[in-house]
Amino acid sequence: GVEHNPNEGEFNRQDEDVNIDNIQVGDMSTEQSSPLKESLRRENWAALLTALLTPMLGGAGYYLTFVWMAIFMSSLIDSPIDGAFWVNLIANIVSMVAVVGAGWLSDIYGHDKLMVTGAISTGLLAPIFLWIISWGRTLEAVFAQNALGVLFALFCGPLLAWLPMKFPPKVRLTSAALGYNLAICISAGFSPAVATVLFRDFGPVAPGLIYTFFAIMALIGMFVSTKIPLDEGGKAQTSLQEETTDSMGDLTARLVLA
């Protein structure tokens with residue numbers, strides 16, 4: 001069969017004749033381009049800003065909740081928690097299941113609703129949960145870290161399905177990857193060090209404000225996503241599901257006509 005490429009002819013085209021299954025396609029003259037160059041075009045700036053701001057809560061939240069938190073419980077607080085790393089492992093497993101559940105719920109109720117709920121609840125309650133964990137009691141720590149992980153999962157579950165939909169299909173993966181990776185580098189890379197300094201200088205509640213800050217950044221990113229230009233038909237950019245359906249229909253038509 002003929003390999004189906006939805007971006008066929010979009011990038012790196014040159015003046016040449018191509019013969020595919022005895023069908024002549026000629027005069028494909030155009031200026032050479034690349035997905036990265038297309039991603040940085042002015043009409044994609046709002047989407048790139050969305051991709052930069054929105055995932056920051058996911059990056060910082062994960063590293064604080066499931067990487068730094070084990071050190072916080074075992075070494076930083078005045079009364080270290082017995083089995084701190086086991087507590088952390090349990091929260092990791094619960095959060096993994098919760099992320100899948102949040103993704104399923106987002107298919108029913110919508111990505112935006114769950115992400116907004118997760119961002120607001122995480123931003124408001126994370127400082128309280130860190131305060132509870134700082135008591136140094138295992139049972140309370142299990143409750144607080146798991147509750148934080150579940151609320152955080154409400155945001156992260158739909159995120160990776162929601163984000164690529166904000167870009168035109170032909171530059172979707174390049175654009176989303178560019179913004180997402182910059183966001184993770186900025187937020188996740190520095191959050192544990194900043195959290196340790198905040199704890200040292202201001203007490204156990206202060207690191208929780210990092211969640212609050214990045215929750216606000218995520219909500220701003222989601223608001224910016226509403227400013228992304230619409231397509232020529234006045235509709236939002238094609239969704240992943242619609243694009244897949246269209247691509248399969250096109251492929252079927254090709255096979256029937258072959």
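This is a predicted model: local features need pLDDT of at least 70, side-chain atom pairs count only at pLDDT 80 or more; totals for chains, interfaces and linings use all residues.
Residues are numbered from 1 along each chain as its sequence is written, and side-chain values use heavy atoms, with hydrogens and water left out.

**Helix H4**
- H4 covers residues 84-109; helices here are DSSP runs (H or I, at least four residues) numbered from the N terminus.
- From first C-alpha to last, the 26 residues of H4 reach 36 Å, close to the 38 Å expected at 1.5 Å a residue (that is, 1.5 Å times one less than the number of residues).
- Among the buried residues of H4 are Ala-84, Asn-88 and Gly-103; buried means under 20% relative accessible area with a 1.4 Å probe, protein chains only.
- The buried residues of H4 pack against H3 (56-76), H5 (111-133) and H6 (138-162).

**The core**
- The largest nonpolar core has 51 residues; such a core is a set of buried Ala, Val, Leu, Ile, Met, Phe, Trp, Tyr and Cys residues joined through side-chain atoms within 4.5 Å.
- H6 gives the most to this core, with ten residues.
- Met-69 is one of the members touching the most others, and its contacts (heavy atoms within 4.5 Å) include Asn-88, Ile-133 and Tyr-211.

**Thr-54**
- Thr-54 sits in the loop between H2 and H3 and is buried, at 0% relative accessible area.
- Its contacts include Phe-155, Trp-162 and Met-222.

Definitions and conventions: Helices (H or I, at least four residues) and strands (E, at least two) are DSSP runs, numbered from the N terminus. Buried means under 20% relative accessible area, exposed over 50%, partly exposed in between (1.4 Å probe, protein chains only). Lists of a residue's contacts leave out its neighbours within four places in sequence.
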